Amino acid sequence: MYLFRYKIRFTFFTLLSFFLISGISFAHHADSASSPVKIQLKWYHQFQFAGYYAALEQGYFEQAGLNVELIEGSPTRNPSEEVLNGNADFSIGNSTLIMEYAQGKPLVSVAAIYQRSPLVIFAKRNEQIKSISDLAGKTLMIEEHAAELFAYMTLAGVNTQAINMVAHEGSILALDADNPNSIDAMSAYSSNEPFQAIQADIDYRVFSPRDLGINMYGDTLFTHAAFAKEHPEIVRDVRDAVIRGWQYALKNQEEMVSLIMDNYAPQLSAARLNYEANEINELIANDFIELGYQNKKRWQHINDVFASAGMMPPNYSLEEFLFENSDTISPWVYQSLIWVSVVTLIAVLLANRFYLLNRKLTQEIINREELQQELMRLVGTDPLSNLANRRKLEKKAKEEISRCQRYEHDLALILFDLNLFKSINDLWGHACGDRCITTVSQLCEFMIRESDLAARIGGDEFAVLLPEISREAAELTLERIRQAILEADLFNDHGENISLSASFGLAMLSGSDDTFDSMLSRADKAMYREKHASRKM
């Protein structure tokens, strides 16, 4: 009889807890039920906003009582002004938000989605631009809200007043030498433009703020201060739904790529969206930091960087800049604690399921580690040639230079590009040009040692890093690759033979090489000398 009464009391307590929490949840959402919300995206539709698409398509916004409209961005649309003018309730910005806040604009940072900024500078790869300081006197196409690039150039000693700044057109083709309005450099996203440059056969250099240790927040959800004050629950609902959306998007990449192609950007290819997704996964850094995490100390560090560049006052008060500092406890945490208490109580009756859940979790961790390994491989791999990309080459070169200098070993760098490759694309199409690239890549891999690294670093430009090798042996390797390219069996779509040749440059590590760039520069000069000499013959 006592046991029966205990069961009745326990059931009553459980049901009472459920209805109390349901009542809290209902009261919470009643304030924002069917609330219309406009979110201004900062650029054209692409994987950059996959979390927002997922929140919409999976019903996360709707579950929170929100009727959300996503507004596509463009190079001419300023996200901050759209919010300040009342055209949108939320938008996506970057670390420039803190400068605008210091200028008196009532903006509030809600969630930092990208823990690392993708903003970089792309420049033509030529003799005139070899370092960031060479941008003085050149034309730079730059987008709105690129303050961190100005801070980077200023702290690198560049006279930004000597740079001809033009408005961003939104296309990598502005760097194409054949473009009559061609510019010298442009602001770019590391998650997008490298893929587009490869597709467009544009050779480039990358200058990144990280070269000076500048590492700011990237895409950040923000709103108007007045809106945050009047509708804090709506702001929390939007933030939480966006974070859930990003969690879903990162776990279901292929599904999101198909969704974007079907509903948002049919002109984009799956290859481009997958490349962008892999890069964004690294920028979000979800394996190390909670999605949406932001804190006051890091924003203060960003303030310090801008102050050092003379772009905003030092030690500016950020008391009203953050919607909720991740280092403080907000009301929704207490609601979560209530849920945890009830779930813990119920979990006592479900202890027999722990073993099965543990097995499932272990398998998920294994799958995640395998996926992470594959993503890391893709991050360092050129998708067309399957060789290493520029990023992996530079990382490997830095390691090898340090090792070879320490143990006094030789290190060689072979640089080559295909002669008249553009004419192949023009005459026979890019599909034929792609076959040439993949064939050359396979030949190159076959001709080198297992310890060597072959990379595709531009449209038709390749590099081979050869550790612990003499100049004579490196020259023999160079000639083997040259001969293999000359003898390659390549045909166009009509069965006609395509003749390929390449110009080569070789550089050996010298005592004056402090960085890989100096070694690359000497190989580049040697390659161009050979190219010019062959044209005179």
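Buried denotes a relative accessible area under 20%, exposed over 50%, and partly exposed in between (1.4 Å probe, protein chains only). The model is predicted, so that local features need pLDDT of at least 70 and side-chain atom pairs count only at pLDDT 80 or more, while totals for chains, interfaces and linings use all residues. Residues are numbered from 1 along each chain as its sequence is written, and side-chain values use heavy atoms, with hydrogens and water left out.

View A. The side chains of R471 and E475 form a salt bridge with an N to O distance of 3.7 Å (a side-chain nitrogen of Lys or Arg within 4 Å of a carboxyl oxygen of Asp or Glu). Because they are four residues apart in helix α18, R471 and E475 are separated by about one helical turn. R471 is partly exposed at 38%, and E475 is partly exposed at 36%. Helices (H or I, at least four residues) and strands (E, at least two) are DSSP runs, numbered from the N terminus.

View B. D382 and R456 are joined at 3.2 Å, N to O. D382 lies in the loop between α14 and α15 and R456 in strand β12, so the pair ties together parts that are 74 residues apart in sequence. Both D382 and R456 are buried. A further salt bridge, at 3.0 Å, connects D493 with R435; D493 is exposed at 59%, whereas R435 is partly exposed at 31%.

**View C. The aromatic pair Y217 and W299.** Ring centres of Y217 and W299 are 5.0 Å apart with planes at 50°, so the pair is tilted. Rings of Phe, Tyr and Trp (its six-membered ring) pair if their centres lie within 6.5 Å; planes under 30 degrees apart count as stacked, over 60 as edge-to-face and the rest as tilted. Y217 is buried at 0%, and W299 is buried at 0%. Together with Y101, Y316 and F321, these residues form one aromatic cluster. The charged end of R298 sits over the ring of Y217, 4.2 Å from its centre (NZ of Lys or CZ of Arg within 6 Å of the ring centre and within 35 degrees of the ring normal).

**View D. The aromatic pair F416 and F462.** With ring centres 5.2 Å apart and planes at 15°, F416 and F462 are stacked. F416 belongs to strand β11 and F462 to strand β13, so the pair ties together parts that are 46 residues apart in sequence. Both F416 and F462 are buried.
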